[in-house]
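The following paragraphs lead the reader through a single chain, from its overall layout to selected residues. Please keep the sequence and the coordinates in view while reading.

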Amino acid sequence: MDFSVARCIQDALQQRLKHPLFGYEAISSDLYSFFCDWMRRRHGWNVQEDHSLRAPNILNSLTKECVVSRNLAMQLLFSLPSFLIFFDIITENHRTLLENPLHYNVETCRYSMDIQNLQEIAPRAKIMFLCNPHNPIGWSRVVQR
């Protein structure tokens, strides 16, 4: 999905590019406390620092979650159309896929979540892969939805 990057991000990248070394970044000792505080303030979730892990990217994290569970009968839920790499991660790790197909409205050219089906199948799933904005259809969650 292509979109313009915010000016502050462009500026930060330009500043970083002035440094000649592109090695690994050092992780601040305050990273986890900042993260936990942000989750509490933003979402009302009380996350413990020792329950948090840093990951290089979301796809590695999702793959690792499939691998660490030794339960091959584990079912994972996701909606189609979606980021198809989610499908690959599930099937390549020999897990069972639960689909919650999105409904397409031809009048508005928009997809919507099948909440009734989701409520029926979600109790069988250990994990739900959810991409926001929903890739590749390009919408994000808004309060009215």
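**Burial of Cys36 and the layout of the chain**

Cys36 has a relative accessibility of 9% and therefore counts as buried, the cut-off being under 20%. Cys8, by contrast, is exposed, because its relative accessibility of 57% lies over the 50% limit. The model under discussion is predicted.

In outline, the chain contains five helices and five strands. Their order along the sequence is α-α-α-β-α-β-β-β-α-β. Of the 145 residues in the chain, 22% are buried. Among the contacts with a separation of 6 or more, 43% are made by residues 24 or more positions apart.

The helices may be taken next. Helix 2 covers residues 31-43. Its 13 residues should span 18 Å at 1.5 Å a residue, and the expectation agrees with the model because the end C-alpha atoms are 18 Å apart. Just after helix 2 comes Gly44, whose phi is positive, at about 75°.

Helix 3 comprises residues 58-68 and includes Lys64. With a relative accessible area of 57%, Lys64 is exposed, because that value is over 50%. Lys64 and Ile89 are 25 residues apart along the chain, and their C-alpha atoms are separated by 9.6 Å.

Three strands form an open sheet in the order 2-1-5, and their pairing is parallel. Strand 2 (96-99) and strand 5 (127-129) are the edge strands, each of which pairs on one side only. From one strand to the next, the twist averages 30°. Strands of a sheet pair through backbone hydrogen bonds, in either a parallel or an antiparallel arrangement.

Strand 1 spans residues 75-78 and is joined to strand 5 by three bridges. With strand 2, strand 1 pairs in the parallel sense over four bridges. Which residues stand beside Phe78 in the neighbouring strands? In strand 5, Phe78 stands opposite Phe129, while in strand 2 the bridge partner of Phe78 is Glu99.

The side chains of strand 1 can be sorted by direction. Gln75 and Leu77 point one way, whereas Leu76 and Phe78 point the other way. All four of these residues are buried. In a regular strand, side chains alternate between the two faces of the sheet.

Helix 4, made up of residues 84-92, lies across strand 1, strand 2 and strand 5. The direction of helix 4 is at about 170° to that of strand 1.

The loop between helix 4 and strand 2 holds His94. Most residues other than glycine have a negative phi. His94 also counts as exposed, because its relative accessibility of 61% is over the 50% limit.

Terms used:
Residues are numbered from 1 along each chain as its sequence is written. This is a predicted model: local features need pLDDT of at least 70, side-chain atom pairs count only at pLDDT 80 or more; totals for chains, interfaces and linings use all residues. Side-chain values use heavy atoms; hydrogens and water are left out. Buried means under 20% relative accessible area, exposed over 50%, partly exposed in between (1.4 Å probe, protein chains only). Helices (H or I, at least four residues) and strands (E, at least two) are DSSP runs, numbered from the N terminus. The expected span of a helix is 1.5 Å times one less than its number of residues. Two strands pair if DSSP finds at least two bridges between them. Axes are lines fitted to C-alpha atoms, for helices over the stretch in contact, and angles run from 0 to 180 degrees between N-to-C directions. Contact means heavy atoms within 4.5 Å.
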